[in-house]
Amino acid sequence: MILLALAVQATPALSQVTAQDMTRSLRLRETQMYLTRDIADPAAWSGDDKLFYRKTVEGGFAFVTYDVKTGAKTPSFDQARIAAGLGKAAGASFDPLRLPFESFTFADNGAAIRFSFNETGWRCALTDFTCAEAPRSGRPSGFGVVRDLSVPADNHPRRSPDGQWEAHVENFNIAVRPVGGAWKRLSTDGSDANFYDPESIVWSPDSAKLAAYRVRPGFRRIVTRVEARPADQVQPKLQTQLYPKPGDAVDIEQPVIFQVAEGKPLSTPSDLFANPYDLSKLEWRKDSATVSFIYEQRGHQLARVIEIDAKTGAPRAVVTETAKTFINEGRRFRQDIDNGREVLWMSERDGWNHLYLFDGKTGAVKTQITKGPWVVRQVLKVDEAKRQIYFAASGMVAGQDPYFQHVYRIGFDGKGLTALTTADAYHDVALSPDASLYVDTYSRIDLPPVSELRRTSDLGLVATLEKPDISQLVAAGFKPPEPFVAKGRDGKTDIYGLIVRPRNFDPTRRYPVIENIYAGPHASFVPKTWWPFGYHAGGDKVVGMQSLADLGFIVVQIDGMGTLNRSKAFHDVAWKNLADSGFPDRILWHKAVAAKYPWYDVNRVGIYGGSAGGQSTALALLYHPEFYKVGVAFAGCYDNRMDKISWNEQWLGWPVDQSYSAASAIDNAWRLQGKLLMIVGEQDKNVDPASTLQFADALIKADKEFDLLVVPGEGHSVGRSTGPIDYGQRKEFEFFLRHLAGQEPPNWNARAMVTPVAAR
């Protein structure tokens, strides 16, 4: 506290921030976002001859369909009528040019569109423009590993491919019948404690066999939240959610094959898939000889492609993947070739994420298709007939930012590598279904998106779909962030980040610094594309950073070690080590900037973030108080034992051990020295909000000072992209002004009073 006060006193004061300054920052996104023209989002295809995308127009956004044959552009749908239909169904009002979704898909042969709105799927007909929430299909599950048994499974009869048989579950057992005939049970061992799942039933192509999972239910952990001020009544409500946490028992699935004519199940030993965390959907080979699935062992250090002989029930491992740390579930890719005779598989076994071709019979690697100190990021298309793969990768082009994504084509034999993209930028590519054409939408933080239609045969330009115009935005004072690169903790690895300065930047002043952190190991987060106007959830976007910078700060964002899209070793830093959050790299990066720029005050550094970024914000103050002095944490997971099973066991492993405590802000609350503000939504469904209150309890017991804002009725992204966004952002801005810049914020309660809405 004394050191912070001295640092503030020794630094020339910045101009006093006024209420008008604050309001201008809070309105920056709305003010600037509609000043661009013809900024195109990545495209999608509707058949081989049409593609569609969203772009900026005066007043908002238009959805455009492009006809490849004629070159004509037409509206994808009547936005005014969609706005009216959706508004009627949702009980809200929407501007046709500002619809509440950014992407959609055509459905019902083009007669409808589907999209996501308010975390719910919606369908709007393009005939009468009626809209409704899309019906939920199937039984939900908690994070994919514990079925919600309070919701009935979809138990409609599954018909065989030849149309002669039907199968369903009857009193927990598999039953079949000839269509229109009487049901006959094929199993008798099903019970409520070990049941056959009707949603897992799959018929063999020859209609002579079927397979299903028998399920031993996992632990039904229920998180209960009090909704203090519900919209429809005065008294509080209880809300419940199925929410498995690390260490909880998951559903144990056992694949079972039935020979329909024989009327009995085959016995399949589970040694090759013991202690499963997850089994993928059952898939029959085209010849009906085997059924296969992907098995991932609890702890995420062993995965296999398993194939079961449909005559004997004997399983074998087609592919086996192991790791001393973790197998990244988010990078899973498998595609069977020629009825399983070969298998395409993605792996980091050589230290980088690459594609491999396995012999489906022997389980041996036939070819490492891609190779080198770079990473495959996704597979776009596999052309089995031509034995070619289209994929996106980063780090292959020397001299470019290693996070830039390019798209390539390569043969199954690892030969014929061809780059489909060349510009020094990040490329989003959409291939036509027949792979003859592709849309390349590319940009950098200093290069607004260009969208081009090209041929895959010779990469020739067919048409420039959109060329951006940001002249009005530039005239309004927009400046792109500055990329900055410094060496990490090993003295060799480049660490990439961005610097955002105030728009009225004065190089003769010294500015306090604020880091926008999101260090989730599941991705990398420093923006590489141009669009700066996203909301704040999942790591603040450039417009949010600029809003804060304009109040007299330098705002930065960094990808330290432990995050994705570099080498396996770079990523492995996160293993059982979430408390690290890349801070050794981040602090060195800050110091490198300060060594170059005298206006960068590395003695006054704050930090903020949401969700995993909220956790990292707390950990920065707890473990690095000599460097990070002030933090604002939104919806943090302050103890990984309190959070969802999927994300946390992926990085901290299973069983739950001391690494969970080491990353726990609750267990380490006694370390707090700086200033901390926590903001949480009372109804957070992503991170149990009790995590925040438990951290608050630990801080109180440790006799620590902190600030806490609990927003009634709101969820995980409150104050960032939902709920009272301006209020949440203002609380963040004021906290940094008061504790990092030494300024007392405006007194908002002194404003002219506004008559409240009538009481309910």
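Arg24 comes out as partly exposed, at 48% relative accessibility (buried means under 20% relative accessible area, exposed over 50%, and partly exposed in between, using a 1.4 Å probe and protein chains only). Its partner is Asp21: the two side chains meet in a salt bridge at 3.0 Å, N to O (a salt bridge being a side-chain nitrogen of Lys or Arg within 4 Å of a carboxyl oxygen of Asp or Glu). Asp21 is partly exposed too, with a relative accessible area of 22%. Both residues sit in helix H2, residues 19-26, and are 3 residues apart, about one turn of the helix (helices, H or I with at least four residues, and strands, E with at least two, are DSSP runs numbered from the N terminus).

A word on the ground rules. This is a predicted model, in which local features need pLDDT of at least 70 and side-chain atom pairs count only at pLDDT 80 or more, while totals for chains, interfaces and linings use all residues. Residues are numbered from 1 along each chain as its sequence is written, and side-chain values use heavy atoms, with hydrogens and water left out.

Back to the charges. Side chains of opposite charge can pair when their charged atoms come close. The structure holds 55 salt bridges. Another of them joins Asp248 and Arg221, with an N to O distance of 2.7 Å. That pair ties together distant parts of the chain, 27 residues apart: Asp248 is in the loop between strand E19 (237-242) and strand E20 (252-259), and Arg221 is in the loop between E17 and E18. Asp248 counts as buried, at 7% relative accessibility, whereas Arg221 is partly exposed at 28%.

Arg334 and Glu283 also form a salt bridge, this one at 3.9 Å, N to O. Again the link is between distant parts of the chain, with Arg334 in strand E27 (residues 334-337) and Glu283 in strand E23 (residues 283-284), 51 residues apart. Arg334 is buried, with a relative accessible area of 14%, while Glu283 is partly exposed at 41%.

Arg225 is buried yet has no salt bridge, and the nearest side chain of opposite charge, Asp688, is 6.5 Å away (Lys and Arg count as positive, Asp and Glu as negative, and His and the chain ends are not counted). What the Arg225 side chain does have is a polar contact with the side chain of Gln241, at 2.8 Å, and another with the side chain of Gln683, at 3.2 Å. A polar contact here is a pair of N or O atoms within 3.5 Å; within protein, one must be able to donate a hydrogen and the other to accept it, and residues adjacent in sequence count only if both atoms are side-chain atoms. Leaving out residues up to four places away in sequence, Arg225 touches Lys237, Leu238, Gln239, Gln241, Glu682, Gln683, Asp684, Lys685 and Pro689 (contact means heavy atoms within 4.5 Å).

Ser207 has phi near 65°, a positive value in a residue other than glycine. Ser207 lies in the loop between strand E16 (202-203) and strand E17 (209-216) and is buried, at 4% relative accessibility. His300, likewise not a glycine, has a positive phi of about 60°. The loop holding His300 runs between strand E24 (290-297) and strand E25 (302-309), and His300 is buried at 0% relative accessibility. The peptide bond from Trp654 to Pro655 is cis, with omega near 0°; Pro655 falls in the loop between helix H10 (645-652) and helix H11 (658-662).

Of the 16 residues lining the largest cavity, the closest to its centre are Ala519, Pro521, Leu578, Ser581 and Ser616. On a 1 Å grid over the protein atoms alone, a cavity is a set of points where a 1.4 Å probe fits but cannot get out, and a pocket is an open set with protein on both sides within 12 Å along at least five of seven lines; lining residues have an atom within 4 Å of a point.
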